[in-house]
Amino acid sequence: MKMNKLLVGAVLATAIGAPIAGFFGDISVSQPTTSTGARVPFLHGFPGAHFASQAELASLERANEWLNSPPLTASDLGGKVVLIDFWTYTCINWLRTFPYVRAWHEKYRDQGLVVIGVHAPEFSFEKNSNNVRWAVKDMRVDYPVAVDNGHVIWRAFRNNYWPALYFVDVQGRVRHHHFGEGAYEQSEMIIQELLAEAGKSGIDRQPISVDGRGLEAAADWGSLRSGENYVGYERTQNFASPGGAVLDKARMYELPMRLRLNEWALSGDWTVKKEATALNKANGRIAYRFHARDLHLVMGPKTPGTPVRFRVLIDGQPPGAAHGIDVDEQGNGAVSEQRLYQLIRQTKPIADRQFEIEFLDPGAEAFAFTFG
């Protein structure tokens, strides 16, 4: 998908130990090994991967604004090892990598590592500076953030994914990159090797240990049978309400008698838009047949500052112990910000389940389902 998060299959492949999608161009840098002594493979990740110039870092000067830092330039970063992390705050794949990036920042910053998060929005509301500032504070992103609303930096790096890591040496050369989740130990070893090449001594070679909680917890890949799906008509799949969708116009929808796995449907008065589906009157529902430990929904109130109450059911019952962090055991919650909400986190055994969310007030907008 163009300018999109990695497909579930690709992310799953990295999580179970597929070769790193990366590039190490300088033979003077030793090839790292894992803690078990195995060699880490390096592959060409995409056509044009190179380490010829500082063009990528120079693009940082075109950021819309900087958070947690004054503007940084290629000159400012000279002599530093730089880790560029492309992210957008509603991306569940990025959220699950973030604890590692945060831990690398804390562990290696005093030895010359500079972590820069490049926030390149996926949805229109992620271009809102207030939303990004709120996310940076709420998620405890304390390293410099370059806001890239026009995807200028994104294009300079020829990036296509959230999340994406680019490893830059002290001469400003992109030496490696990794897309998606996984390969954390290998990525940390690359940071260590670049710092050692820069003359840093006393590097702690023991890999960090991360215990992700809440949204940051690693996915249950072995049980995952549902992939990301959008709710706006531009990129949605498997819409199953009888009669299909009427685009950009209000319409009454009904749920079908039965949903098959990974199908979804609407009930109530909705307007299906390009990027999102918006509820016009209270008591509208969205149903989704899924197979995963976690279910998330990117959503928000159409009018900022106007919360929208909702209630969640799983197989027709309140979720109880299977509730996510944004609902209680009875399934009650409220949409208060434009963000990703965790609605279901269940324990094994994982099976096909039917999720429903009913909005008790009008004005909700739903953007995308993600799973873990």
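Tryptophan 134, at 28% relative accessibility, counts as partly exposed. This is a predicted model, in which local features need pLDDT of at least 70 and side-chain atom pairs count only at pLDDT 80 or more, while totals for chains, interfaces and linings use all residues. Residues are numbered from 1 along each chain as its sequence is written, and side-chain values use heavy atoms, with hydrogens and water left out.

A search of the whole structure finds 27 aromatic pairs, where rings of Phe, Tyr and Trp (its six-membered ring) pair if their centres lie within 6.5 Å, with planes under 30 degrees apart counted as stacked, over 60 as edge-to-face and the rest as tilted. For tyrosine 89 and tryptophan 134 the ring centres are 6.3 Å apart and the planes stand at 70°, so the pair is edge-to-face. Because tyrosine 89 lies in the loop between strand 2 (81-87) and helix 3, and tryptophan 134 in helix 4 (residues 129-138), the pair ties together parts that are 45 residues apart in sequence.

## Other ring and charge arrangements

The rings of tyrosine 288 and phenylalanine 369 have centres 4.6 Å apart and planes at 50°, so this pair is tilted. Tyrosine 288 belongs to strand 11 (residues 284-290) and phenylalanine 369 to strand 17 (residues 364-371), so the pair ties together parts that are 81 residues apart in sequence; both residues are buried. Ring pairs also link Phe86, Trp154, Phe157, Tyr161, Trp162, Tyr166 and Phe179 into a cluster.

The charged end of arginine 235 sits over the ring of tyrosine 230, 3.9 Å from its centre, the criterion being NZ of Lys or CZ of Arg within 6 Å of the ring centre and within 35 degrees of the ring normal. Likewise, the charged end of arginine 339 sits over the ring of tyrosine 341, 3.8 Å from its centre.

## Nonpolar cores

A nonpolar core is a set of buried Ala, Val, Leu, Ile, Met, Phe, Trp, Tyr and Cys residues joined through side-chain atoms within 4.5 Å. Of the 67 residues in the largest such core, Ile84, Trp104 and Ile116 touch the most other members, and helix 3 (residues 92-108) gives the most to this core, with nine residues. Apart from it lies another core, of 33 residues, among them Leu266, Leu295, Met299 and Ile344.

The protein chain has six helices and 17 strands, taken as DSSP runs (H or I of at least four residues for helices, E of at least two for strands) and numbered from the N terminus. Strand 12 (residues 294-301) and strand 15 pair in the antiparallel sense over six bridges, where pairing requires that DSSP finds at least two bridges between the strands. Isoleucine 344 in strand 15 is the bridge partner of leucine 295, and six of the seven residues of strand 15 (residues 339-345) are buried.

Alanine 265, found in strand 9 (residues 264-272), is buried, with a relative accessible area of 0%. Its contacts (heavy atoms within 4.5 Å), not counting residues up to four places away in sequence, include Phe239, Leu255, Pro256, Leu259 and Ile286. Alanine 265 and proline 242 are 23 residues apart in sequence and 8.6 Å apart in space, C-alpha to C-alpha.

Note on methods. Buried < 20%, exposed > 50% of the residue type's maximum accessible area, 1.4 Å probe, protein only.
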